[in-house]
Amino acid sequence: MGNKYHQRLIWITVLALIWQLTALSGIFSEMIFPGLDHIFLALIESFKDGTLVKQIIFSLSIIIQGLFLATAAALILALSSYFSESAAGLIDTLTALAHPLPGIALMPLILIWFGSGRTAILIVIIHSVLWPLILNLSTGFNSIPDIYTLIAENYRLNKLEFMFKILIPASLPYFISGLKIAWARSWRALISAEMLFGAINSLGGLGWFIFQKRVFFDLPGVFAGIIVIIVIGVTVEDFIFKKIEIRTVKKWGMLK
Amino acid sequence: MNSYLELKSINKSFETEKRRKAALKNINLQIKENEFITILGPSGCGKSTLLKIIAGFSRADSGQLLKNKAQIEKAGLDRIMLFQEFEQLFPWQKVIENVTFAVKAAAKNKKNKLSKAAIKKKALKYLSEVKLENYQDYYPHQLSGGMKQRVALARTLAAEGEIMLMDEPFGSVDSQTRQELQQLLTQLWQEEDRTIIFVTHDIREAVFLSERIVLMKNEPGEIIKVVENKMPYPRRLSSREFNQLFEQLQGQLYN
Ligand SMILES: Nc1ncnc2c1ncn2[C@@H]1O[C@H](COP(=O)(O)OP(=O)(O)O)[C@@H](O)[C@H]1O
Ligand SMILES: [Mg+2]
């Protein structure tokens, strides 16, 4: 564990050094290959004037809302398909059709139907999260040991108790890995949607932020935005989800 | 005749690829209240199938299953099953929570309102009966196989059903631990009013545990004989009586 981050740190340092040497060597113009000093200055500048923080908050608030709505919907749909065969048929069909469809392909339609505001971005996120989450949850529900359903029958649990006391905790490893996929997909979807949908009152999120920087040919600014996107992505994947796993499925011995 | 649980002409078969295979054929059995009875037979003779029918997990093709003369329709807390598999415990719950699960279910079933403290107290009582009160905050994966089965036994006891159904519950633990668990079970049974139907393929286990032994055979699953076992508890594996009965049963099973 510690070793992994240690290695990562070493490699990041090496890569940063190579980058900086390339920039200093003057092979490429400073305009298209800025040095790290310029990039960090741009990063600090954008944080100082508050623009970047506003965009980060905007992006994160949409993605959290999207994840929350999609998770709730996925739970309801996966549970319905667990308990009802006809619901399973419908949900299975919808998932099979919608899952392979990239969110980008939906954007023209969403623009026409919902305009380009927050709702549009939210729909793109929900689309990118809902289907993989349903797939994972359903797999999880269907792979709980048979013995659990016998126990539920024996101890006369009603459906609700069975759901919350057995079905959901028993499939938590699948739930969490579904959420990880959901996060990764929605973070990508969010950034592209923001670029496409633009901003209202100069509030368009991180995707819009780097897009704007490109328009003004502010390459250090573009890189500053990219760094923020990477840092947030990695933090959530490596720290938040790790923490959740350590506190649940790892602690319970359900995940090696 | 004080027949408490009655099985009348129970038949059960399963559809396999080629044919219908009879798993149980004409099973007739009367079980007395607070009796400790074992069902003994080779693997595949239908012991688990029979226990699942009594539990209400599956239905017989024909025949009757009566408790106090009333037909048993479905699974319930009056007949709690203890399985062989370690995974019967919920890994996401601590040992104590696995037991309170049964206490809560039983209370709800009897429409009793119990306080949190009362639930915990009851669960702890059963945990201490299986001598695991010091492990209440462990998670199942931190326990040995024998300890897991003791927790499962505590949970079964905590449901406070009249009848406990046990499907080779000690089949997956080492022989030393198995003997400890057998001893514990006979002690607990003597202290409390419970009917135990215990399935095993281990003759010594049957002789050690029960007052009556139902012998079954394979193909089709049928009862050969019901043998009384009047040896006083606690029984000793080394006693002459024990070994006589052991040999008698061995002869009857494998002839
Ligand atoms: N669900 C099932 N489907 C098909 N065959 C079954 C099923 N359950 C049990 N059997 C068959 O019924 C017979 C008795 O099985 P079982 O009751 O598990 O035996 P035992 O517990 O005595 O080892 C076996 O031949 C087994 O293959
Ligand atoms: Mg069996």
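## Two domains in chain A

Put together, domain 1 and domain 2 of chain A bury about 980 Å² between them, and carbon and sulfur atoms give 59% of that. Buried area here is the accessible area (1.4 Å probe) that two parts lose on being put together, summed over both. This is a predicted model, where local features need pLDDT of at least 70, side-chain atom pairs count only at pLDDT 80 or more, and totals for chains, interfaces and linings use all residues. Residues are numbered from 1 along each chain as its sequence is written, chains are lettered from A and ligands numbered from 1 in the order in which they are written, and side-chain values use heavy atoms, with hydrogens and water left out.

Domain 1 takes in residues 1-33 of chain A and domain 2 takes in 34-251; the bounds come from an automatic or database domain assignment. Their centres, taken over C-alpha atoms, sit 30 Å apart. On the domain 1 side 12 residues are in contact with 13 residues of domain 2, contact meaning heavy atoms within 4.5 Å.

## What links the domains

There's 1 salt bridge between the two domains, that is, a side-chain nitrogen of Lys or Arg within 4 Å of a carboxyl oxygen of Asp or Glu. Arg8(A) pairs with Asp238(A) in a salt bridge, with 2.7 Å between the closest N and O atoms. The domain 1 side that touches domain 2 splits into 8 nonpolar, 1 polar and 3 charged residues.

## Where chain A meets chain B

Over to the chain pair: 20 residues of chain A are in contact with 29 of chain B. The two chains bury about 2,200 Å² between them, 64% of it on carbon and sulfur atoms. In chain A, Asn154(A), Tyr155(A) and Arg156(A) lose the most area to chain B, together making up 33% of what that side buries.

The chains also share 1 salt bridge. Glu161(A) and Lys108(B) meet in a salt bridge through their side chains, at 3.3 Å from N to O.

## Around ligand 1

Chain B residues surround ligand 1, including Phe14(B), Pro42(B), Lys47(B) and Thr49(B); each has a heavy atom within 4 Å of the ligand. An N or O atom in the Lys21(B) side chain comes to 2.2 Å from an oxygen atom of ligand 1. For Gly44(B), a backbone N or O atom lies 2.7 Å from a ligand 1 oxygen.

How values were computed. Ala, Val, Leu, Ile, Met, Phe, Trp, Tyr, Cys and Pro count as nonpolar, Asp, Glu, Lys and Arg as charged, and the others, Gly among them, as polar. A polar contact is a pair of N or O atoms within 3.5 Å; within protein, one must be able to donate a hydrogen and the other to accept it, and residues adjacent in sequence count only if both atoms are side-chain atoms.
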